[in-house]
Amino acid sequence: MNKPPTFWSSLWEHVEIARTLRSLRLYFDPQMCTGIWECYEVCPVGCWSRDLERGIAVLEKPEACIACGACVLQCPEEAIELR
Amino acid sequence: MATVFMKWLETTPRDYERGIRLLTLGRLEKLHVLLTEDFIKPGMRVLEIGCGTGALARRMAGKGANVTAVDVSPDMLAEAQRQLDARDLAGSVSFEHMDATLIGERLPVAAFDRIVASLVFSELSPDEQRHVLQNCRWLLAPDGRLLIVDEVPPAGFLQRILFWLVRAPITLLTWILTRTTTRAVRSLEVLLRESRFRPCRLGSRLGGSLVLVEGSPLPEAAPAFDLEQAAIPRLRHRISLRSLLVDLWALFLRVIPPYPKVRPGLYAVGHPDTTSPVFVSGNFDLSVRRLVRELDGKVDAWLLVADSKGINVWCAAGGGYFTADSVIAAVGSSRIESIVQHRHLILPQLCANGVDADRIRGEIGWQTAWGPVRAEDIPSYLAGGKKTDAMRWLRFPLVDRLEMVSATLGLYAIMILIPLLIFWRPLFWPVAISLFGLSYFYGVMLPWLPGRDGLVKSIPLALIALAGLFAYVTLVNPLPPLRLFHWTIGLTGLSVFVAAELQGMSPFMRGEQANWGWELLIGIALGLIYWLVPMAVGWR
Ligand code: SF4
Ligand code: SF4
């Protein structure tokens with residue numbers, strides 16, 4: 001069992017989380033995508049667009065991503081990853 | 001930096017234990033002993049709802065019961081498990097992470113001889129209380145009993161006054177020491193009777209304000225439901241003294257708990273009927289009132305307020321306080337399923353980072369859609385039946401930026417200016433004016449300052465501030481070199497602080513905690529320059 005968190009350890013955890021948050025990059029595997037566009041629906045900064053012809057999502061503006069994780073959580077195919 | 005303060009405000013499991021002991025003057029334990037000695041027998045299957053750090057669960061396990069103990073807080077459960085292992089009782093209690101409102105869906109029916117809840121019902125909203133009691137009926141085996149220990153308001157008028165006289169100072173002291181507080185459940189016995197339990201008071205302490213009540217299930221009455229009788233509270237857009245005060249608090253001090261909350265549950269906006277849309281929201285008071293302001297008079301809808309711990313949905317979902325479970329619990333504990341004919345929820349889009357819509361669809365069979373980001377778009381969203389890109393994307397317009405600067409500044413003003421006022425008064429006004437000036441300037445200029453990160457943006461901010469200082473010195477009022485030097489150091493430091501810390505206010509660049517290391521380094525460097533340069537140059 002881990003030690004119970006102290007004031008400073010939980011503060012440090014915040015710094016660590018913030019650091020990880022900053023270093024996260026988005027990875028998209030178009031092969032796995034089935035084009036239900038849930039990612040496009042939930043992204044609050046418009047990173048995704050829809051390729052209507054191929055019926056898959058396109059990661060159009062990866063540089064705008066704020067690593068909120070919404071698309072990762074909602075994609076049913078696990079085609080998107082933040083790491 | 002704000003995080004440091006908020007961490008202090010957060011209750012740790014240890015604080016909670018101490019706090020409760022202090023608040024109940026140790027009498028809670030007496031009731032726990034009574035409960036365990038007289039009503040728990042070896043081999044009984046016991047469910048404890050809201051076990052906290054597990055003191056009662058351990059006591060009952062010590063008596064030989066098979067205890068299943070659930071709690072919403074992973075921290076509390078970790079502490080409970082630790083203490084259990086330390087006492088060699090491992091294996092006799094199984095701790096499970098679960099919201100009280102979800103017990104009916106996650107635990108086996110008719111599987112418990114006793115269901116125990118200590119200081120839990122006071123934490124639940126009336127809808128949730130009814131829902132949990134209903135579930136307890138299902139979970140109890142034949143001849144099973146419900147045992148509730150909770151705070152209630154004392155019965156007589158005099159007792160009540162006496163109670164508050166003693167209670168108020170203890171409450172304050174306890175909060176300061178441990179940030180823990182409790183509430184009383186109004187009319188616990190009535191609540192039990194309404195949910196078809198026969199209540200029986202088995203013991204009481206603290207002048208009748210802390211009670212142990214047994215509930216034995218009565219045969220279920222035929223459910224009667226009627227929209228007119230249901231008396232769903234209606235939310236309206238009203239400006240009152242209270243709403244203005246809460247707005248003022250929210251403008252400057254919203255980051256400090258207790259966050260103003262709305263009681264979770266089902267509400268009506270306008271005059272909804274069985275086909276009206278159902279919106280889900282968190283229970284941050286400000287968000288709910290803004291939502292109602294945009295909807296009232298324009299649309300008829302049901303508003304299902306889920307428990308987001310009083311935090312706005314985005315932060316709550318990101319921090320794990322608002323999840324699919326919160327929404328599932330809100331649907332289950334409200335009467336929405338018997339009110340509307342459709343099964344369609346409109347979720348706030350900004351909770352998509354924490355609320356797994358797939359789980360909601362899978363577990364309770366409701367369809368979900370993501371509503372517009374901004375409440376003001378909801379009427380046209382409903383009218384057009386479609387969401388445009390503009391409704392889907394975050395904006396951070398000037399009004400919002402100024403609001404967020406104020407919200408962040410409130411806490412800093414307390415943390416920085418009050419110590420200055422006490423210990424270093426001559427610095428108070430210069431720092432106050434520079435801090436507020438720089439912060440609001442930063443808020444206005446944010447989109448045009450280069451860089452995507454607070455620390456980078458601090459460079460142009462500091463340059464502009466220094467340019468202003470030098471313009472003032474050359475054009476208006478020349479300062480002696482040493483004062484000019486001090487102002488330069490001060491403004492540079494504040495610019496870095498403001499830009500780096502206010503990063504957290506923008507929805508586009510969060511994680512200001514990662515800047516702390518750099519802020520500290522820059523602070524030390526500026527401090528060294530402050531001491532060494534005048535010595536080297538010989539200013540005095
Ligand atoms: S949510 Fe996943 S499967 Fe659906 S379009 Fe986006 S990436 Fe493709
Ligand atoms: S993580 Fe958030 S911001 Fe980034 S692409 Fe996904 S939804 Fe958009």
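**Ligand surroundings**

I first looked up ligand 2 and found 13 residues surrounding it, the closest being Cys43(A), Cys65(A), Cys68(A), Gly69(A) and Cys71(A), where a residue is near if one of its heavy atoms lies within 4 Å. I note that this is a predicted model, in which local features need pLDDT of at least 70 and side-chain atom pairs count only at pLDDT 80 or more, while totals for chains, interfaces and linings use all residues. Residues are numbered from 1 along each chain as its sequence is written, chains are lettered from A and ligands numbered from 1 in the order written, and side-chain values use heavy atoms, without hydrogens and water.

By class, I recorded 12 nonpolar, one polar and no charged residues around ligand 2, with Ala, Val, Leu, Ile, Met, Phe, Trp, Tyr, Cys and Pro counted as nonpolar, Asp, Glu, Lys and Arg as charged, and the others, Gly among them, as polar. For ligand 1, I listed a shell that includes Phe28(A), Cys33(A), Trp37(A), Glu38(A), Cys75(A) and Glu77(A), and this shell divides into eight nonpolar, two polar and two charged residues.

**Domains of chain B**

I then read the bounds, which come from an automatic or database domain assignment, as domain 1 (12-217), domain 2 (227-392) and domain 3 (398-537). The C-alpha centres of domain 1 of chain B and domain 2 of chain B lie 30 Å apart, and their contact (heavy atoms within 4.5 Å) takes 10 residues from domain 1 and 15 residues from domain 2.
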